[in-house]
Amino acid sequence: MLNHISWSLALFFSPLLFFLNDGSCLAQKVLKSSIQGIVLDIQAQTPLFGATVTIAGSNPLIGAVTDNLGHFRLPPVKIGQYQLRVTYVGYAPAVTDPLIVTSGKVTMTTIFMQETVVNAGEVEIKAGYRKDEAINKMATVSVRSFSVDETFRFAGSYNDPARMAANFAGVTSGIDNRNDIIVRGNSPTGLQWRIDDMEIPNPNHFAAIGTTGGPVTVLNNNLVTNSDFFTGAFPAQYGNTLAGIFDLKMRTGNPEVHEYWFQIGWNGLEFGTEGPFSKKSRASYLISYRYSPLQFLSWFGVNTGIVPKYQDLNIKINIPTQKAGTFTITGIGGISYIELYDSRKEQSKWLFPDYGENIANGSDLGVLGVSHQIFLRRNIRWKNMFYVVASDTRTKIDTFNNIRQTPSPWAGEKSTEIKYSLFSSITKKFSAKNTIACGLYWDFFQMSFADSMIYKSRFLVNTNSREHMQMIRGFSQWQHVFSRKFNSTTGIYGSWLSLNNSWSLEPRIGFDWNISEKHSINFGTGLYSQMQPRVIYFILSYPPGGMESQPNLNLGFTRSAQTALGYNYQISNDLRFKTEIYYQYLFDIPVKGSIPQYALSNQGHGFFIDRQYADSLINQGTGQNYGLECTFERFFRKNYYYLLSASAFKSTYVGNDLITRSSAFNVNYALNAAGGYEFIMGKRKWGVMSFGLRATWAGGSPYLPYDVNTTVSTGETAYNWDQAYIPRFPEYKRIAFRFGIRRNLPGYNFEFFIDLQQTYPCNGSIPKPEKSGISSPWDFFRWVPGEYSFR
């Protein structure tokens with residue numbers, strides 16, 4: 001560790017003098033850059049032609065008018081922070097959050113405007129900057145929008161949206177070496193990832209089938225624009241999920257100027273570019289490629305020990321036309337592989353004193369989607385999309401000991417899933433008061449699952465099949481604006497699974513009530529459902545004296561009834577207090593008759609979905625999640641921000657024995673404090689020095705303990721089910737610090753950031769018997785010392 005810290009300090013101080021030296025040339029030159037973007041109606045997303053865009057507070061006034069496609073470009077301005085104010089006849093004025101303008105990069109933004117509704121005798125409420133509001137106006141409660149700057153700004157986030165979201169109320173993290181997030185006590189398997197309306201599987205390197213987290217994200221936050229994060233009570237357009245939703249949007253490339261960037265950090269050695277295809281059109285491209293930094297160093301003979309190998313590619317091509325609509329191609333790809341071999345170490349460094357493991361693990365992800373969006377009329381938007389998602393997981397574990405030192409197979413897996421999806425939606429804005437949206441999904445799954453392990457001196461085959469199935473889903477939702485103060489959203493979602501004819505029909509309703517300019521109440525309720533992790537359906541069972549079978553084929557959806565009530569106090573444009581109470585009743589949870597304490601809802605926060613005990617499940621379990629959340633937040637403005645969040649909740653389940661127990665995610669409370677400040681360097685703002693700090697304090701997670709005596713005597717993993725989720729880990733405490741410098745130079749800029757974090761205790765795995773043969777192969781990711789990024 002000392003060698004690593006010494007290397008880190010050398011890396012930190014070597015570029016520091018360069019960043020802090022302003023140079024005489026900068027004293028003579030005023031650095032400028034430009035702001036451009038698009039203005040859209042927030043419901044129909046139609047471009048607003050003739051909207052006036054100005055820089056708030058500028059004197060003389062700096063502004064521009066949008067063209068017939070809603071685009072605008074402001075004249076070059078000095079580098080710094082700016083807010084834009086947009087006005088348009090019949091719409092409430094809009095003010096953006098602070099935009100960071102740096103040299104060498106055009107600042108791009110999308111601005112949504114709300115059409116006004118005026119009833120007789122109603123007093124107009126002034127519109128302004130409302131960072132607390134969701135981008136999706138159909139959402140009424142349990143949603144928080146976030147900007148790409150926040151994924152950079154929060155200490156300990158490592159430019160990862162999931163790690164950033166762990167700062168929010170109602171969200172806790174799993175283990176430090178992964179970015180799984182637990183939303184309101186639900187399993188991380190209930191989290192849904194979406195990118196440009198495509199539902200995608202686990203977007204992380206070293207991922208496992210059925211999970212949603214991992215050590216390193218495949219998603220590149222340099223390409224993401226403002227997005228929404230949901231923690232419950234979703235509107236009807238979202239389905240097949242119970243816990244939370246990341247509704248991410250990938251920005252389009254600069255349609256006017258070519259730009260390039262380079263960055264090195266925890267997520268990889270990165271190269272990116274964006275720009276127009278031609279000066280004659282606004283068609284653009286956006287591409288980013290990343291490569292494992294430790295693998296790169298190994299090329300030059302640098303010995304870093306274990307070398308995680310990974311690469312990823314993110315791409316977006318946007319082709320707008322005058323009459324045929326807009327065509328978009330979005331692609332995400334990632335490959336990863338790691339070897340953790342005890343046989344390459346001295347015996348003193350084996351996993352156990354007389355026992356070792358060789359673990360090889362890899363995973364691949366590919367997403368490719370083509371979409372077309374066209375306005376049939378001014379207020380009718382029709383969107384069609386076809387996309388393909390493929391994921392692959394490979395694991396091989398060999399074991400050996402001090403007597404038999406030749407590794408022999410102990411477990412292995414080779415699983416692949418491919419999904420072909422068609423999606424069509426139409427949104428009709430009838431007036432400022434009424435908007436209706438309808439959509440239809442068709443998903444076709446091709447799956448191949450194969451995994452086995454040594455159990456009781458023989459190979460136990462958990463899955464071994466090639467399967468296919470399809471799922472059809474649809475939704476319809478209606479938003480009615482009664483007045484400036486009150487609006488409601490009602491909708492219905494339905495789904496059908498061909499595998500066993502499982503179906504669901506889920507009504508939902510929510511409302512926003514703006515009591516005054518500063519106070520509002522939000523509400524949402526509805527039914528929700530989610531199919532099981534697909535591998536669970538095809539697990540094999542071996543009844544005594546019987547033939548092998550797949551008893552889970554008839555498993556239905558896990559279902560949930562959710563209600564949330566929120567109160568917002570907008571103290572000022574940049575300061576707010578928010579609180580929410582919620583209740584979730586889960587039912588039809590898969591449980592097991594032969595192990596009545598087992599529930600599938602306790603899975604999902606590790607490197608695999610357990611299959612040894614997941615056969616012969618029945619939909620007879622229930623559960624409850626209820627709690628109170630509070631957030632006090634100052635959004636970034638005038639160089640500083642802070643966020644204080646607190647959550648108190650209870651998460652329980654009832655297994656087949658009808659006994660109520662804590663769920664695996666019932667930590668009971670979580671407190672987060674995060675903040676930061678940016679110092680402007682030089683009168684001409686040639687640089688910015690930033691500091692960030694984050695602290696987390698949460699309750700200990702319940703866990704399923706080992707049956708030590710049985711495990712040691714048999715050499716096979718055995719659990720003490722009578723004590724299921726009664727013992728707890730110690731309280732979780734974590735501190736993260738972030739330091740960064742951005743230096744602006746004519747035509748380009750450099751950025752340097754370092755992230756440091758310390759966790760006490762290391763809440764990574766269940767306490768193990770000394771010679772149980774059980775291990776966590778991911779010790780490399782257990783302690784993350786820092787993040788070094790140059791751009």
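The model is predicted, so local features need pLDDT of at least 70 and side-chain atom pairs count only at pLDDT 80 or more, while totals for chains, interfaces and linings use all residues. Residues are numbered from 1 along each chain as its sequence is written, and side-chain values use heavy atoms, leaving out hydrogens and water.

Let us begin with rings that meet. Rings of Phe, Tyr and Trp (its six-membered ring) pair if their centres lie within 6.5 Å; planes under 30 degrees apart are stacked, over 60 edge-to-face, and the rest tilted. By this rule there are 42 aromatic pairs. One of them joins Tyr420 and Phe444, a tilted pair with 6.5 Å centre to centre and 40° between the planes. Tyr420 belongs to strand 28 (residues 408–429) and Phe444 to strand 29 (residues 434–455), so this pair ties together parts 24 residues apart in sequence. Strands (E, at least two residues) and helices (H or I, at least four) are DSSP runs, numbered from the N terminus.

Tyr420 is partly exposed at 27%, and Phe444 is partly exposed at 22%.

Strand 29 also holds Phe449. Phe449 and Phe538 form a stacked pair, 6.0 Å centre to centre with 25° between the planes. Phe538 lies in the loop between helix 7 (534–537) and strand 34 (558–570), so the pair ties together parts 89 residues apart in sequence. Both Phe449 and Phe538 are buried.

Technical notes: Buried means under 20% relative accessible area, exposed over 50%, partly exposed in between (1.4 Å probe, protein chains only).
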